[in-house]
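Okay, thanks for coming, everyone.

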Amino acid sequence: MAFLQVARKTGATIEVIPNDEFGQISIAGLRQAIDERVKLIAITHVPTNGGLVNPAVEVGKVAKEAGILYLLDACQSVGQMPIDVHEIGCDMLSATGRKYLRGPRGTGFLYVREGVILQLEPPFLDMQAAEWVSRDTFKIRSDARRFENWETNYAGKIGLGVAVDYALSWGLAAIERRIRVLAETLRDQLNDINGVKVQDLGQQKCGIVSFTVEGKEPSKIKRLLSQEKINISVSSAQGTRLDMDARGFMSVLRASVHYYNTEAEVERFCTTLASLV
Ligand SMILES: Cc1ncc(COP(=O)(O)O)c(C=O)c1O
């Protein structure tokens, strides 16, 4: 929606890159779409509605070759796997605190590569982002603080910092390893339940596990599981319209595992789900 809003305001056009045969962004399709009009390549690393991890490094190579700005939405991936902006080659990366980082809600961070800071004008300016030099002039800061606001939630930011330190203390590689084992176990067990179908796409998968249950309303399944103290979520078509419309889904069920989950919990979840379908 943010892109649609900008397009409506500026006359920019949004071109959607097709998927490859695995359901992730097609690198060949991306290459084909590039011409002199393209100003930004923006992708979502991990979508909200499934376990797919997009090939962010490959996209980075295409962006670099073409000299086009590259924005990576890493909201679902930060905290569940190592993220190296240099390896990925993105110019900008956005992340949230409230998901796999296990930080406070309403927090997040934006990375902007130093070399492109001056090209990017933030949508709102205040006295943190800029200096009011004279009656009719102002000067935007030249460092990353131009993307900040004057007023801020310090407690939330401290919480985010603690969450980041905590994740780093376990190590993101170890976190990813544990999550992958649990997620694969969960996918295997879900696929064994009659009427349940795992819907995750992509060559590389992560801790989000999406599935459908034949003939059952997702919100009802969620409610019944909640009564058993098992929390899962429902991803509606609104959240990822391009993907959900193309696959003909109104919604999918989403279970996310993290390193603190146990094999026993995965098993209890699947046994409980099996008793409901
Ligand atoms: C891919 C992706 N990007 C961004 C967001 C927004 O995160 P937040 O609301 O914490 O800013 C979400 C939330 O679900 C998401 O899945």
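Let's start at Asn49, which is buried, with a relative accessible area of 2%. By buried I mean under 20% relative accessible area, with exposed being over 50% and partly exposed in between, using a 1.4 Å probe and protein chains only. This is a predicted model, so local features need pLDDT of at least 70 and side-chain atom pairs count only at pLDDT 80 or more, while totals for chains, interfaces and linings use all residues. Residues are numbered from 1 along each chain as its sequence is written, and side-chain values use heavy atoms, with hydrogens and water left out.

So where is Asn49? Look in the loop between β1 and α3. Helices and strands here are DSSP runs (H or I, at least four residues, for helices; E, at least two, for strands), numbered from the N terminus. Asn49 touches Ser210, Ser235, Thr240, Asp243, Met244, Arg247 and Val252, leaving out residues up to four places away in sequence; touching means heavy atoms within 4.5 Å. The side chain of Asn49 also makes polar contacts with the side chains of Thr240, at 3.1 Å, and Asp243, at 2.8 Å. A polar contact is a pair of N or O atoms within 3.5 Å; within protein, one must be able to donate a hydrogen and the other to accept it, and residues adjacent in sequence count only if both atoms are side-chain atoms. And Ile208, 159 residues from Asn49 in sequence, is 7.8 Å from it in space, C-alpha to C-alpha.

Next, helix α3, residues 56-66. Ala56, Val59, Gly60, Val62 and Ala63 are buried there. They lie on the same side of α3, because they cover an arc of only 165 degrees around the axis, taking directions from the helix axis to the C-beta atoms. On the other side, Lys64 and Glu65 are exposed. The cover over the buried residues of α3 includes α2 (27-33), β1 (40-44), β2 (69-73) and α4 (85-88). Just after α3, Gly67 has a positive phi of about 65 degrees.

Last stop, the ligand. Around it sit Thr44, Val46, Thr48, Asp73, Cys75, Gln76, Thr96, Arg98 and Lys99, each with a heavy atom within 4 Å of it. A ligand nitrogen is 2.6 Å from an N or O atom in the side chain of Asp73. Ligand oxygens come to 2.7 Å from such an atom in the side chain of Gln76 and 2.6 Å in that of Thr96.
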